[in-house]
2 protein chains.
Amino acid sequence: MTPIPGSVGLIEAKTHRFAEALPLQCGRSIAGYELVYETYGTLNAERSNAILVCHALNASHHVAGMAADDPENIGWWDNMVGPGKPVDTSKFFVIGVNNLGSCFGSTGPMSIDPATGKPYGASFPLVTVEDWVDAQARLADALGISRFAAIMGGSLGGMQALCWSIRHPHRVRTALVIAAAPNLSAQNIAFNEVARAAILTDPEFHDGDFAAHGVKPIRGLRVARMIGHITYISDEQMAEKFGRQTRADAKFSFAPEFQIESYLRYQADKFSQYFDANTYLRITKALDYFDPAAAANGNLAKALSPATARFLVVSFTTDWRFSPARSREIVEALLENGADASYAEIAAPHGHDAFLLDDPRYHAVVAAYLGRVADEVTA
Amino acid sequence: MTPIPGSVGLIEAKTHRFAEALPLQCGRSIAGYELVYETYGTLNAERSNAILVCHALNASHHVAGMAADDPENIGWWDNMVGPGKPVDTSKFFVIGVNNLGSCFGSTGPMSIDPATGKPYGASFPLVTVEDWVDAQARLADALGISRFAAIMGGSLGGMQALCWSIRHPHRVRTALVIAAAPNLSAQNIAFNEVARAAILTDPEFHDGDFAAHGVKPIRGLRVARMIGHITYISDEQMAEKFGRQTRADAKFSFAPEFQIESYLRYQADKFSQYFDANTYLRITKALDYFDPAAAANGNLAKALSPATARFLVVSFTTDWRFSPARSREIVEALLENGADASYAEIAAPHGHDAFLLDDPRYHAVVAAYLGRVADEVTA
């Protein structure tokens, strides 16, 4: 009997410290780093039912349930992960991990550099999707997981799943690549560059060493978030949600007047309070750099040829950040290789953010796909 | 015989000073203001061959030819306006006028407020498309032009042509509304709001009175321009022009690395040197406010019902700022009114900027349309 979909409940984050230095794509390495992670469900005796959830730009290891130290803090993919949910924690052992360089507990620019006793700040290296995947692989080693039943993620998280399938092919049974792209377009890079320009030119950025000055580049982070937010929502959705609705109390001033202005300012204020500017810069750069086909002269099929995983690729019709056409590039490359690839293009009005939302068709596709995987790994 | 398309040559800008105060939509009025303008071609004896060219966000009265005081400064629509060109100055008397509140010579935030002897700065009123049109109408009065053969413009310029047709219907024989929209979408407003946020939060903005502090909000203007620029170019064009091409000399740093980054920074630097922040804020607000249908309960046909002009509406397939669908809204409203409306949807790869470029099909449509107008007014 299918359990009633529920919450994984109160969740305590764990920390794993890695003594051995991790070599990074930039040529540097990082020693004595920590990764913060959460787990939901139970690892079976065969250690075959683990699913790794990779996060996107501004999320964390807190994928599902309520944070033990702050129960109102619900995981960012709680509608997807839990008992009876598409990623069913009554069948799978699910891991959420905060990436290296992030600002939610894993070692990053806000962490203390043991070499100096001060925050890394600007000196923290630029990490890549490949670096994240390698760090995640070491965490899997530490947890005794040699092969994942699934590695999954949306947006930048989907890129990590794709990278895993190439870089550590035998450790991935299935890869769920959702609302992702094989690389960023010039327009995607342009939006990232404007966001970075806003941060880099904020006088309180201090070349990344703002912590030493006791300030934060709030203005830059605000603008960066506003730009990002516009690209996460479809034009249609924005029109439906806000249209040209105005607030009654302003006119002929620069105070927020249209509802969309108030909404963006609210999102910007919230984000700039909790997010780290150095992290934002690095994660957008990791996005820009991700391009597995580059090493194969732009041939994505060739780049994906080491992959042995089965794939579920999902896109959303109104996603203009990573459009369905970009997901189809991945699917076509996989099919060219004779890989086992399923593709779902979900008609959803919400734009890129759709991957985070509770769309019944989307969730049904993921549930059905992982249902078959559960049958295999628990047989 | 059609003359060989050429330049209008060296052009001297003229200034007209208006003693009578102009009432503005915001409830204030402005006294003792000046408009800077240029003219090309010769007004005929019947005064029936005048064409008014309205400019968009960052352009000016300098539409065609070489500025007399700086011959390398070529007018922004020089490919469109000149002897033998689509707007044929051997047949028409063409006027380019810098709008009120701009920063290219007409009275605006950088001008001296006669009441204080200091630059208006933050105290300059928020002007609207309606205000610009009313100011232009007074200039037409001063030049003895009671009715224009055509009023035309692209983008925000097209909105002015549309506004003229409603507000001063009997003064407009034909209106050419190019790459425009009947109002801004929530997404359009959102992009404007981010650009404004970048300027308003620049610490050197000083609530708009930066001139008194001897500084300029360069950082904010740079980011604003970068955001705008992304929306002017199609994704396809950006991909073709820049793709993911990188410069060889940078990697794992925040220096410009992809060609698109260098390009955006270059555009931002250039723009922030010559443009005024208070003007940018006001023009984006004028864009946000423009919504003729609002006064008719959202019924655009009703809003356009006073218009007696004939219309040529032009859009470009890859324009995602003001998409063809927005132009078709205008055409449908006009047809609903039984107005004489022609529509050309030009297959062009350049996005919104296509209205400024030398596309042969686009220019042929405008040339043919204005050719018939020339036959009428010079008959």
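Trainee: What makes strands S14(A) and S15(A) a pair in this predicted model?

Mentor: Two strands pair if DSSP finds at least two bridges between them, and four bridges join S14(A), residues 150-154, to S15(A), residues 174-178 of chain A, the two running parallel, so they count as paired. One of these links is at A:Met152, whose bridge partner in S15(A) is A:Leu176. Strand S6 of chain A, residues 50-54, is likewise joined to S14(A) by four bridges and runs parallel with it, and here A:Val53 has A:Met152 as its bridge partner.

Trainee: What makes S14(A), helix H2 and S15(A) a right-handed unit?

Mentor: With the strands pointing away from the viewer, the path from the first strand over the helix to the second must run clockwise; S14(A), H2 (residues 156-167) of chain A and S15(A) make a right-handed β-α-β unit, so their path is clockwise in that view.

Trainee: How do you know whether the faces of S14(A) are covered or open?

Mentor: Buried means under 20% relative accessible area, and A:Ala150, A:Met152 and A:Gly154 on one side, with A:Ile151 and A:Gly153 on the other, are all buried, so both faces are covered.

Trainee: Why is the link between B:Arg244 and A:Asp291 called a salt bridge?

Mentor: The closest N and O atoms of B:Arg244 and A:Asp291 are 3.1 Å apart, and the rule asks for a side-chain nitrogen of Lys or Arg within 4 Å of a carboxyl oxygen of Asp or Glu, so the pair qualifies. Across the interface of chain B and chain A the rule finds 10 salt bridges.

Definitions and conventions
Residues are numbered from 1 along each chain as its sequence is written. Chains are lettered from A and ligands numbered from 1 in the order in which they are written. This is a predicted model: local features need pLDDT of at least 70, side-chain atom pairs count only at pLDDT 80 or more; totals for chains, interfaces and linings use all residues. Side-chain values use heavy atoms; hydrogens and water are left out. Buried means under 20% relative accessible area, exposed over 50%, partly exposed in between (1.4 Å probe, protein chains only).
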